Amino acid sequence: MEKFTTLTSRAIPLDIANVDTDQIIPARFLKATDKKGFGDNVFRDWRYNKDGSENSEFSLNNTDYSGSILVAGDNFGCGSSREHAAWALVGYGFKVIVSSFFADIFKGNALNNGLLPVQVSPDFLSELLNTIKNNPDTKIIINLELQTISVGDKSETFDIDPYKKTCMINGYDDIDYLLSKKTEIEAFENANG
């Protein structure tokens with residue numbers, strides 16, 4: 001995983017509540033076990049019309065919006081527990097998802113794949129979505145060390161599991177974290193031999 005400390009980026013608004021994992025990556029694309037290529041089909045049924053043409057109404061297809069932050073409605077990542085949803089979002093290029101609520105399994109899958117779920121208050125989310133829609137060039141600052149999200153003069157803190165925070169800041173997966181503790185583990189083994 002990439003190290004994550006601070007990100008400053010524009011954002012793409014997805015002002016839709018209750019986005020489930022089947023909307024993030026439809027089930028028909030789950031046959032692969034490799035993470036590659038899932039980003040091509042993120043929100044496939046919303047991004048494309050039935051004839052395969054781009055849906056110009058969908059925010060990811062709107063050229064006014066860009067960035068590695070997705071600002072979504074409430075209850076993002078509900079539904080089935082497919083890790084492929086996190087793979088698809090990361091494969092598309094997102095590094096952060098902002099919502100006022102995340103499904104627990106989605107949140108865990110996101111963190112395990114280097115995607116930071118930032119949970120904010122409903123009021124802050126509403127303001128953020130309106131700000132982005134009114135000014136697509138708006139920059140959002142995510143500071144993982146301080147656990148803050150800021151836009152303009154507004155800021156809010158967010159929670160993250162301390163272990164997952166350590167892993168993201170250092171670019172560790174679970175194995176990398178254990179390897180980082182190798183000296184301490186060996187010292188413990190030698191002392192308690």
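Predicted model: local features only at pLDDT ≥ 70, side-chain atom pairs only at ≥ 80, totals over all residues.
Which residues do ring pairs link into a cluster? They are Phe43, Trp46 and Phe58.

## Aromatic pairs

Searching the whole structure turns up 10 aromatic pairs. In general, the distance of the centres and the angle of the planes describe a pair of aromatic rings. For Phe43 and Phe58, the ring centres are 5.9 Å apart and the planes lie at 55°, so this pair is tilted. Phe43 sits in the loop between helix 1 (21-24) and helix 2 (44-47), while Phe58 sits in the loop between helix 2 and strand 3 (69-72), so the pair ties together parts that are 15 residues apart in sequence. Phe43 and Phe58 are both buried.

Now take Phe76 and Phe106. Their ring centres are 5.3 Å apart with the planes at 75°, so here the pair is edge-to-face. Distant parts of the chain are linked by this pair: Phe76 belongs to the loop between strand 3 and helix 3 (84-92), Phe106 belongs to helix 4 (residues 104-112), and 30 residues separate them. Phe76 and Phe106 are both buried as well.

One more ring deserves a look, this time for its charged partner. Arg44 lies over the face of Tyr48, 4.3 Å from the centre of the ring.

Strand 2 (11-14) and strand 3 run parallel and are joined by 4 bridges, with Leu70 of strand 3 as the bridge partner of Ile12. Strand 3 also pairs with strand 4 in the parallel sense, over 3 bridges. Here Leu70 turns up again, with Ile97 in strand 4 as its bridge partner.

How are the side chains of these strands placed? Strand 3 is covered on both faces: Ile69 and Val71 lie on one side, Leu70 and Ala72 on the other, and all are buried. In strand 4 (residues 96-99), Val96 and Val98 point one way, Ile97 and Ser99 point the other way, and all of them are buried.

## Strands 1 and 6

Strand 1 (residues 6-9) has one covered face, formed by Leu7 and Ser9, and an uncovered one, formed by Thr6 and Thr8. Its partner is strand 6: the two run antiparallel, joined by 4 bridges. Within this pairing, Thr6 stands opposite Asn143 of strand 6.

Thr138 is in the loop between helix 5 (122-134) and strand 6. At 10% relative accessibility, Thr138 counts as buried.

## Two residues with positive phi

Asn18 is not a glycine, yet its phi is positive, at about 60°. Asn18 lies in the loop between strand 2 and helix 1. With a relative accessibility of 45%, Asn18 counts as partly exposed.

Gln147 is also not a glycine and has a positive phi of about 60°. Its place is the loop between strand 6 (140-143) and strand 7 (148-151). Is Gln147 buried or exposed? At 18% relative accessibility, Gln147 counts as buried, because the cut-off for that class is under 20%.

Asp176 and Asn18 are 158 residues apart along the chain, and their C-alpha atoms are separated by 34 Å. At 30% relative accessibility, Asp176 counts as partly exposed.

## The largest pocket

To finish, here is the largest pocket, which has a volume of about 330 Å³. It is lined by 18 residues, of which Met1, Glu2, Lys95, Asn113 and Gly114 are the closest to its centre.

What is the make-up of the lining? The residues there divide into 6 nonpolar, 6 polar and 6 charged.

How values were computed
Residues numbered from 1 in each chain as written. Heavy atoms only, no water. 1 Å grid on protein atoms, 1.4 Å probe; cavity = no way out; pocket = protein on both sides within 12 Å on 5 of 7 lines; lining within 4 Å. Points joined across faces, edges and corners; volume = space filled by probe spheres on them. Nonpolar A, V, L, I, M, F, W, Y, C, P; charged D, E, K, R; others polar. Phe/Tyr/Trp six-rings, centres within 6.5 Å; stacked < 30°, edge-to-face > 60°. Buried < 20%, exposed > 50% of the residue type's maximum accessible area, 1.4 Å probe, protein only. Lys NZ or Arg CZ within 6 Å of the ring centre and 35° of its normal. Pairing = 2+ DSSP bridges.
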